[in-house]
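Please keep the structure in view while reading.

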Amino acid sequence: MSEKYEPVIVGFLCNWCSYRAADLAGTARIQYAPNLRAIRVMCSGRVDPQFVLKALRDGADGVMIAGCHPGECHYVNGNIKTMRRFMLLQKMLTQLGIEEERVQLVWASASEGIVLAEKIDQMTEALRTLGPLNWKKRVLNSGNGYQAAEAIPVLEEA
Amino acid sequence: MSEKKHPDNKERVGVYVCHCGTNISKVVDVEEVARWAGEQPNVEVSRDYKFMCSSLGQELIEQDIKEKGLTRVVCASCSPHMHEKTFRTACERGGLNPFLFEMTNIREHDSWITDDKEAATIKAKSLVRGSIDRVVHHEPLDQIPVEINPNTLVVGGGIAGITSALELADAGYHVYLVEREPSIGGHMAQLDKTFPTLDCSACILTPKMVDVGQHDNITLLTWSEVEQVDGFLGNFTITVRKKARYVNEEHCTGCGICIEKCPFNVVDDIFEAGMGTRKVIYRPFPQAVPKYPVIDKENCVYFQKGKCKACEIFCPTEPNSIDFEQEDEILQIEVGNIILATGYDLFDVKRIPQYGYGKLENVFTSLEFERMVNAAGPTDGKIVLRDQETKPKSVAIVHCVGSRDENYHKYCSKVCCMYSLKFAHLVHERIPDAEIYDCYIDMRTPGKGYEEFYNRLLEEGTHFIRGKVAEITDAARIPEEEGKLIVQVEDTLIGRQRRVPVDMVILSPAMEAREGSKEVSQLFKMGCDFDGFFIERHPKLDPVATMTDGILIAGACQGPKDVPESVSQGAAAAARVAGLISRGTVMMEPVRASIDQDACSGCRICNNMCPYNAIIFHEEENVSEVITALCQGCGTCVAACPSSVITGAHFTNDQLLSQIEGILWDMRPEKVTA
Amino acid sequence: MADKLTFSREISNLMYAGHGSPLNQCIQCGTCSGTCPAVEFMDQTPRRLIGMINADLKDAVLNTNTYWVCASCYHCTVRCPAKIDIAGAMYAVKRYSIWFKTYSDDLVGPVFSETFMKTIARNGRSYEPILATSYIFGFGAKEFFKEVQGATKMMLKGRIPVLPSRIKRLKNFQSMIQHIIPVGEEE
Amino acid sequence: MKKYAYFPGCSLEKMAISYHDSALETTRALGVELEELEDWNCCGATTYFHLDEILANTLVARNLAMAEKQGLDLVAPCSACYKNAYFTNAYIQEDEDLAEHINYALEADDLQLSGDLSVHHLIEIFVNDVGVEEVKNKVTRPLEGIKIVPYYGCQIVRPRKDGENIEDPQFFEELLTAMGAEAVDFANKTRCCGGSLLISNRRAALDMIRILLQNAENSGADVIATACPLCQVNLECYQAQVNDEFGTNYAMPVMYFTQILGLALGIPRKKLRIGSELVSAIPVLSKYLKKEVS
């Protein structure tokens with residue numbers, strides 16, 4: 001493969017804000033990197049850490065979780081739970097040696113098409129610089145992290 | 001098109017790839033996507049078509065379900081927010097449960113955001129494959145019927161809210177109208193004339209206010225505010241604080257003797273915009289609805305110093321209507337729908353110091369001028385300077401104060417051109433020999449009879465200066481400027497800076513979102529935009545609905561609007577609500593969580609996760625249970641369950657994990673066998 | 001870069017990218033020209049100049065005196081409802097005019113700028129009396145006389161010293177300037 | 001008390017020596033230490049920007065870098081110097097490319113700029129650092145009965161935008177009031193004095209000066225206070241020429257705010273170089289100077 005490297009990002013977009021922001025970005029014909037592949041969830045709170053790990057394991061170079069701004073959650077405070085869960089996940093991924101830029105949590109309200117597009121562009125750019133994730137090489141073969149990652153730990157506030 | 005039989009397929013999936021005219025096909029190679037989709041596991045049939053949402057496109061799906069025995073359908077076209085319902089219905093007509101359908105967004109998320117055909121086509125394939133892998137795990141579901149409580153809450157008693165309330169009440173439904181001021185009427189009650197017909201604002205508004213006050217189907221709660229909103233479409237529980245009036249509404253006849261006898265006057269910043277005074281026990285204006293006065297506790301000498309009670313002494317009713325002991329009441333109201341018509345604020349002109357408001361006394365705001373020119377206002381309709389007697393011989397009107405300005409509000413406030421023209425006309429009418437200078441950037445008069453009104457003003461001899469006013473000063477340079485306000489502006493049509501000396505300046509400030517609109521939007525769980533205006537569901541096709549079912553918006557809370565537009569929206573919102581009420585029940589998405597009681601370990605982690613307290617814990621059995629009626633389907637508990645025994649219908653772990661796998665079909669490190 | 005840049009593009013390129021909105025955001029409201037304290041002395045108002053730039057009327061723009069009359073007070077910039085840095089745009093046209101030497105030799109502004117720049121490249125600091133003599137020929141005799149009167153009076157009050165001061169590390173300073181553009185002693 | 005790197009700028013060494021001296025006297029009296037920036041260069045006023053923006057920013061950056069080297073925040077008494085320093089500093093923080101470019105040039109003088117320092121105008125030191133209350137406490141010779149124009153000029157308040165009241169600022173008034181003087185309500189307080197236009201378009205500049213003098217006289221002021229050498233020179237030294245050109249007869253003393261402040265703090269007038277103005281301020285100040293043998 002001689003062509004230039006293009007990262008693939010899996011996006012979990014909340015149905016009420018970010019998914020609509022992405023719709024709006026399209027309707028407004030805002031041009032941004034086509035590197036994000038979106039999965040719709042009802043709330044960013046639905047994003048189970050195992051989804052993120054699954055995506056990384058299956059070949060994604062990065063994962064973006066996008067929800068409503070804190071205080072604006074359609075389900076009162078689902079995004080706050082996402083945020084807490086995300087911080088724990090981030091911590092674990094760092095221990096596995098995965099760069100922070102690879103998994104990002106962003107807020108975009110339904111009117112912020114342009115904000116979301118910018119975030120996607122920025123993330124794509126960051127991942128281009130980082131290069132492919134190569135989960136298998138990095139985590140599976142590194143020995144120490146594999147068990148932890150495969151076991152899908154419970155990342156919950158007890 | 002491609003058809004293939006996979007003998008080992010679990011399901012028989014039909015994939016439909018839409019061209020959307022050229023909207024998608026211009027960038028995405030839809031034929032290739034369809035051809036490729038035909039080769040994916042479980043796919044029975046795959047087609048591309050010009051317009052999938054057309055009746056012919058839908059028939060294609062119906063036909064294939066019937067003829068090819070499809071058990072699942074994927075449609076790759078626009079956003080599900082656009083046509084998911086259309087295709088679900090098509091599946092249903094074909095005899096397939098609508099939830100065995102999945103939609104792939106290759107327009108808004110793909111063809112419209114890039115010109116890179118190759119990348120867009122790969123992305124489309126990935127998204128389609130994600131949907132195919134997901135839809136295989138879909139289960140048939142039934143929509144959940146919800147009964148609609150026929151009562152409606154209307155928040156805000158301006159012209160939009162009044163219209164909504166009357167429309168519904170006249171249709172035979174009960175309405176609770178909550179207004180935070182002592183009277184309904186809103187901004188319209190403050191106006192003198194309404195453009196372009198110049199009919200008297202009070203003359204057309206007060207009959208409607210009276211209707212509201214007397215209507216059997218309307219419970220009017222003025223001097224009240226909504227404190228809490230619980231529940232969902234069909235069944236909301238609203239907590240309202242009814243502030244103490246210190247006047248017993250049951251006994252009070254509204255005779256007004258208490259107001260007459262109250263010895264204390266204070267400046268009325270709200271209704272009179274600071275131009276006039278009112279008593280401490282007051283009605284904002286004579287035609288107020290309801291007629292009962294309110295005691296302004298902060299300024300009441302009795303409340304502050306313990307002496308006076310003039311109102312109580314002179315109250316003629318038996319028993320006495322004045323009640324100094326009255327306390328705030330907290331009411332609970334059950335309604336099925338909510339209409340928000342909370343109106344607007346005027347831009348604070350002090351934010352633009354170069355216009356001199358507050359420093360140069362004869363600079364007025366639009367609302368001050370409205371009150372001044374109102375026959376029932378503080379100057380009995382006479383146009384005079386701050387000294388209350390001098391008639392201005394020259395008046396300048398300044399458009400776009402705080403609007404069309406990136407330093408304040410970017411948007412055009414829409415109504416200011418017209419009301420500025422109205423002001424010019426009123427000055428001409430009351431002071432025929434006055435010179436009037438109207439400084440505008442662009443004259444925006446779209447509306448029935450609006451441009452004609454502008455023409456009329458041109459005929460009346462208003463001096464129109466095309467230019468945004470740069471500053472207003474009293475620093476004179478030549479004798480003609482001495483003692484005047486000097487309006488400094490470029491007359492852009494001649495390309496010269498002009499200094500126009502005048503006696504009076506009227507600023508036309510922008511309409512802006514109500515202070516605290518963000519908090520209001522959070523209270524009602526709906527969105528407001530960057531400027532603080534509430535967001536409609538669709539800017540063109542659904543202007544009075546919001547993203548939240550059961551909550552509608554009307555009037556200037558959605559964006560700057562004049563009276564006719566606010567009235568239209570008020571009526572439109574009411575029609576929406578009436579439609580739902582007459583239907584009786586609505587069908588809700590069956591996206592709900594449920595717990596496998598046999599597998600639940602009773603760890604209770606999910607119990608605190610639920611924002612709706614829909615999960616209860618059974619101590620004896622040591623298991624948790626989701627109350628379906630309360631669950632809203634966010635899925636937070638599903639993600640949190642350490643034993644994965646909570647299922648989120650239509651968003652199950654199987655479905656989402658398969659979608660992740662599918663979406664990354666080309667990325668998996670170990671090549672999957674096709 | 002096959003296509004020739006339009007004049008409006010060239011001017012935009014001369015404005016530092018970080019400042020304000022692009023010129024084509026102008027809504028021609030005239031706030032700048034209504035604000036400008038020097039507008040009476042301009043042959044086109046700043047608003048018109050922006051319109052002319054946007055219309056690519058290069059010669060007409062360069063032939064105005066507008067941008068040389070701009071005193072860089074930034075009053076227009078802070079008031080502009082489109083957030084255009086108008087004073088910055090004036091600088092851009094000045095630069096264009098100096099670089100392409102489109103100004104006439106009797107125009108005091110650019111001549112002064114060049115002299116000023118040379119003084120600084122030579123000394124690191126400016127020195128008003130030297131500058132005064134080099135630009136003073138731009139004035140008529142009457143003004144020249146007044147200027148000298150003013151200067152003499154100031155000298156008597158002890159406010160004009162005789163020699164210009166220099167900075168110490170002049171060599172380094174000049175080399176620093178060379179790093180950006182080749183100007184300095186040899187011209 | 002705080003210590004600053006003091007960047008006098010070209011005019012303070014020469015034409016505005018009275019500003020220089022009074023600035024040092026007043027800061028000393030109020031416990032602020034000014035350490036002159038080592039081997040500073042001209043910041044270019046507005047003129048560098050006529051030629052090249054990056055060059056202009058680089059020349060400003062050299063001064064900033066030297067202040068950074070001294071580990072001090074920068075204070076400039078001249079509004080043009082202040083504006084240049086403030087913005088170059090801000091741009092460098094905003095724009096990495098610009099910072100890189102400039103730092104490349106600065107290497108020639110073994111300097112480097114991170115942009116971590118803050119930049120202040122001299123008047124801000126009195127208003128924000130010392131504080132108006134403290135100034136008031138230190139006044140020994142309250143200037144009661146004198147009406148002063150607080151003339152801000154352009155570049156203290158512009159083009160800065162971040163939430164400050166740039167159209168109707170009040171801090172100069174507050175400072176004057178703290179000295180016991182009356183600050184007149186001056187409509188044109190942020191209107192431009194013409195700046196360097198005097199060189200390129202004399203008539204325009206004289207007209208701009210005239211308008212300010214007219215406004216000052218009409219507002220009944222005794223003296224104009226400025227915080228910028230260019231404003232001072234334009235308003236004062238060119239009064240005679242304004243009078244010639246327009247047939248007026250203005251005789252309005254124009255002083256640096258530090259001279260007035262020094263007076264209020266009881267500093268002898270000679271140290272403040274009061275009396276070196278072309279339009280003498282002595283007559284209007286005479287009642288405060290009585291005790292001094294002049």
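A charge is said to sit over a ring if NZ of Lys or CZ of Arg is within 6 Å of the ring centre and within 35 degrees of the ring normal.

| Charged residue | Ring | Distance from ring centre |
|---|---|---|
| B:Lys243 | B:Trp223 | 4.2 Å |
| B:Arg134 | B:Phe651 | 5.0 Å |

The model is predicted, with local features needing pLDDT of at least 70 and side-chain atom pairs pLDDT 80 or more, whereas totals for chains, interfaces and linings use all residues. Residues are numbered from 1 along each chain as its sequence is written, chains are lettered from A and ligands numbered from 1 in the order written, and side-chain values use heavy atoms, without hydrogens and water.

Between chains C and B, 20 residues of chain C are in contact (heavy atoms within 4.5 Å) with 20 residues of chain B. The two chains bury about 1500 Å², with 41% of it on carbon and sulfur atoms; buried area is the accessible area (1.4 Å probe) lost on being put together, summed over both parts. On the side of chain C, the most area is lost by C:Gly34, C:Arg79 and C:Pro81, together 31% of what that side buries.

Two salt bridges are counted between chain C and chain B, a salt bridge being a side-chain nitrogen of Lys or Arg within 4 Å of a carboxyl oxygen of Asp or Glu. C:Arg79 forms a salt bridge with B:Glu471, at 2.8 Å from N to O.
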